[in-house]
Amino acid sequence: MTRIPMMKTYLVALPGGALFKILGIPIPWILGPIVFVVIAKYCSSLESDTSPIAKSMAFVLLGIQIGLSFTAQTFALIVPYILPYTVLTILMIGFSLIAGLYISKFANIDKMTALVGSSPGGLSAMIAVSDALKGNSALVTIFHTLRLVSVLFIIPFFATHWVSSSSPDGGAGELINTEDGSLWTIPLYVIFALIGWKIRDIVPASLVIVPMLSIGILQSSGAPFYPLPEVLFILAQLIIGAYLGHTVSLREIILSGKTCLYFFILALFTIGLGIGLSFLLSWWTAMNLTTAVLSLAPGGLVEMSITAEQTGGEPAIVSSLQTIRLLIIVLILPFVFKNAYKR
């Protein structure tokens, strides 16, 4: 029964990606499907659905795509950025949580829901934390969806039209290795995907991170990987865009009323704070400004890495630093929330 809604969802998503590509909009194969699916659900009787298997395969492909951008110099380049980036990331998280606590007073929601909903972390991880700490998971889902969609529509446009044109050339901007590599590396893609699938409940975003880091480490050590056809990466972006469009409900957002408005303002504040801190990071470390903006964007590891490829940033550095941010949020914040819950 779910096959027909699933097929309709992907058929709606496809022209959205194509149109956004023609219009020259950043990350078109993600943003186009989101817009078309969300509008179709709101304006018609479309009951959207997506394939969990296709979504998992898409994440693996995008992890491979990002991993192929790593070079022998990538890890050496990242080291000087780790401390400044970590300090600024913790600062951004702290400000977001404080703002969330203030919102809880005005929006008449419990503090735990406000804390979990205001943290700039991954959607699935924050929902799990909310469930464990007895927060309002439905509201947390809406809040994080608002933040993610805001990031996807604001940061790529900002990086494309405001930063990349004035930013000095950051060097590597290619996501796909130009060497032919060897066919024997293709089974490695499958092995990394299986490992990511096996530990998906233990490691956050493992379907992206395991292929990305495994391929990145091997390729930076001199192993030439076989470049997959670009059409596969476009298809992966289309699938992710359709999935995100499926998860966004305009009706639920509208029904949330003022509470949703407060958290939308918080999302804009967090994005603005991230942009402001990115200028500080660029000044502190001499990092390419485009790379700094995309590294500190509050969400969207895959989407920000792809945007880096399109705007002259460093996709390998963006993905590595975004992974650090994700791990900080997933490993530290639940501990903080649990202590706050006990008190």
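Is Trp283 buried or exposed? Trp283 is exposed, with a relative accessible area of 70%.

## Basis

This is a predicted model, in which local features need pLDDT of at least 70 and side-chain atom pairs count only at pLDDT 80 or more, while totals for chains, interfaces and linings use all residues. Residues are numbered from 1 along each chain as its sequence is written, and side-chain values use heavy atoms, without hydrogens and water.

Buried means under 20% relative accessible area, exposed over 50%, and partly exposed in between (1.4 Å probe, protein chains only). Helices (H or I, at least four residues) are DSSP runs, numbered from the N terminus.

Trp283 lies in helix H12. Together with Leu83, Val87, Leu91, Phe95, Phe269, Leu280 and Trp284, Trp283 forms a nonpolar patch on the surface, with about 840 Å² of accessible area in total. Helix H4 (74-107) and helix H12 (258-285) are the elements that give two or more residues to this patch.

## Thr74

Thr74 is also placed in helix H4. Thr74 is buried, at a relative accessible area of 5%. Leaving aside residues up to four places away in sequence, Thr74 touches Ser69 and Ala316 (contact: heavy atoms within 4.5 Å).

## Helix H2

Helix H2 (residues 28-43) has 16 residues and reaches 22 Å from its first C-alpha to its last, close to the 22 Å expected at 1.5 Å a residue (1.5 Å times one less than the number of residues).

H2 is mostly covered, with 12 of its 16 residues buried. Among them are Trp29, Ile30, Pro33 and Lys41. The cover over the buried residues of H2 includes helix H1 (3-22), helix H7 (137-163), helix H10 (230-247), helix H11 (250-256) and helix H14 (301-311).

Methods:
Patch = residues over 30% accessible without salt bridge, like charges linked within 9 Å, V, L, I, M, F, W, Y side chains within 5 Å. Areas by Shrake-Rupley, 256 points an atom, 1.4 Å probe, with all protein chains shown as cover. Salt bridge = Lys/Arg side-chain N within 4 Å of Asp/Glu carboxyl O.
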